[in-house]
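Have the sequence and the 3D view open side by side. Then follow this short report from one spot to the next.

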Amino acid sequence: MSSEVKRQFLEFEPVIFKDRKGDEVTIRQYHHEEDRERLISMYESFSPDNRCLGLPPSTRIAIENWIDYLAENGFAIVAELGGKLIGHCVIVPTADWKKVDLSIFVHQDYQDRGIGQALLRHIIDYAKRMGFDGIMLVTERDNHRAVHVYKKFGFRIVNPEHEFDMYLQLK
Ligand SMILES: CC(C)(COP(=O)(O)OP(=O)(O)OC[C@H]1O[C@@H](n2cnc3c(N)ncnc32)[C@H](O)[C@@H]1OP(=O)(O)O)[C@@H](O)C(=O)NCCC(=O)NCCS
């Protein structure tokens, strides 16, 4: 009989915050069954100029495969405004569940309003609560806005060879 303990994600309590435009944005847990279609809509209208390392994918089928994979293997929070999903931040644990890989996307119509930083703040708190050792991510070296935001939260560049591999130690 396998002695492996089934690992589970904790619940995330929704929060409301006022973005820099004064809109009340809800940050809450992503629920795949109810939210899948709306997340696909967000990514189908995501500007190709805003893609990072080929993500989000550009076709509907590839978007579906990608978010189904993330939902199967990770934990996500979303930013919601007026019934629309406008931001998505997901962590996927490594095989040993010691660290997580992070991805974050805010729709281009809502960027630079503090929403990305709100998502990051909450996912970092959540990853700490879950007891993970650290958060890894990869970004493009000329993605200045993303690198600026990650550095604000203490992420360090650990491998600047091609893309930027960045890491935030939590323990
Ligand atoms: C990167 C991203 C998640 C940030 O989310 P956001 O909601 O736009 O970010 P925020 O509004 O919280 O913060 C933006 C910050 O970047 C700064 N910024 C904006 N443009 C910048 C630029 N060209 N260079 C440096 N900093 C920049 C803003 O001044 C702000 O910083 P401040 O709070 O210190 O003033 C979002 O822009 C995004 O989804 N981009 C496209 C996809 C992507 O690159 N995702 C990362 C995957 S690797």
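Is Trp 97 buried, partly exposed or exposed? At 23% relative accessibility, Trp 97 counts as partly exposed. Buried means under 20% relative accessible area, exposed means over 50%, and partly exposed is in between (1.4 Å probe, protein chains only).

## Ground rules

This is a predicted model, in which local features need pLDDT of at least 70, side-chain atom pairs count only at pLDDT 80 or more, and totals for chains, interfaces and linings use all residues. Residues are numbered from 1 along each chain as its sequence is written, and side-chain values use heavy atoms, leaving out hydrogens and water.

Helices (H or I, at least four residues) and strands (E, at least two) are DSSP runs, numbered from the N terminus. Contact, or touching, means heavy atoms within 4.5 Å.

## The annotated span

UniProt, in an unreviewed entry, places the feature "domain: N-acetyltransferase" at residues 25–171. UniProt positions follow the numbering used here, feature names are shortened, and annotations may be inferred rather than shown by experiment. The span is 35% helix and 31% strand. Its end C-alpha atoms lie 30 Å apart.

## Two nonpolar cores

A nonpolar core is a set of buried Ala, Val, Leu, Ile, Met, Phe, Trp, Tyr and Cys residues joined through side-chain atoms within 4.5 Å. The largest one here has 37 residues. Leu 102, Ile 115, Leu 119, Ile 123, Ile 135 and Tyr 150 touch the most other members. Several elements give two or more residues to this core, including strand E2 (24–29), strand E5 (99–106) and helix H4 (144–152). H3 gives the most, with eight residues.

A second, separate core holds 16 residues. Met 42, Trp 66, Val 90 and Phe 105 are among them.

Val 100 sits in strand E5. Its relative accessible area is 0%, so Val 100 is buried. The C-alpha atoms of Val 100 and Phe 132 are separated by 7.2 Å, though the two are 32 residues apart along the chain.

His 88 belongs to strand E4. With a relative accessible area of 2%, His 88 is buried too. Its side chain makes a polar contact with the side chain of Tyr 43, at 2.8 Å. A polar contact is a pair of N or O atoms within 3.5 Å; within protein, one must be able to donate a hydrogen and the other to accept it, and residues adjacent in sequence count only if both atoms are side-chain atoms.

Which residues of H4 are buried? They are Ala 146, Val 147, Val 149 and Tyr 150. Seen down the axis of H4, these residues fall within an arc of 165°, so they line one face of the helix. The arc is that of the directions from the helix axis to the C-beta atoms. An α-helix has 3.6 residues a turn, so residues three or four places apart point the same way.

The buried residues of H4 pack against E5, H3, E6 and E8. The face turned away from them carries the exposed residues His 144 and Lys 152. Gly 154 follows H4, and its phi is positive, near 100°.

## Around the ligand

There are 23 residues around the ligand. Here, a residue is near a molecule or strand if one of its heavy atoms lies within 4 Å of it. Arg 20, Val 106, Gly 116, Gln 117 and Asn 143 come nearest. A polar side-chain atom of Lys 152 lies 2.9 Å from an oxygen atom of the ligand. A polar backbone atom of Gly 114 is 2.8 Å from a ligand oxygen atom.

Gln 117 is in helix H3 (residues 115–129). At 13% relative accessibility, Gln 117 counts as buried.

Trp 97 is found in the loop between E4 and E5. Its phi is positive, about 60°, although Trp 97 is not a glycine. Asp 112 also has a positive phi, about 65°, and is not a glycine. Asp 112 is in the loop between E5 and H3. The peptide bond from Leu 55 to Pro 56 is cis, with omega near -5°.
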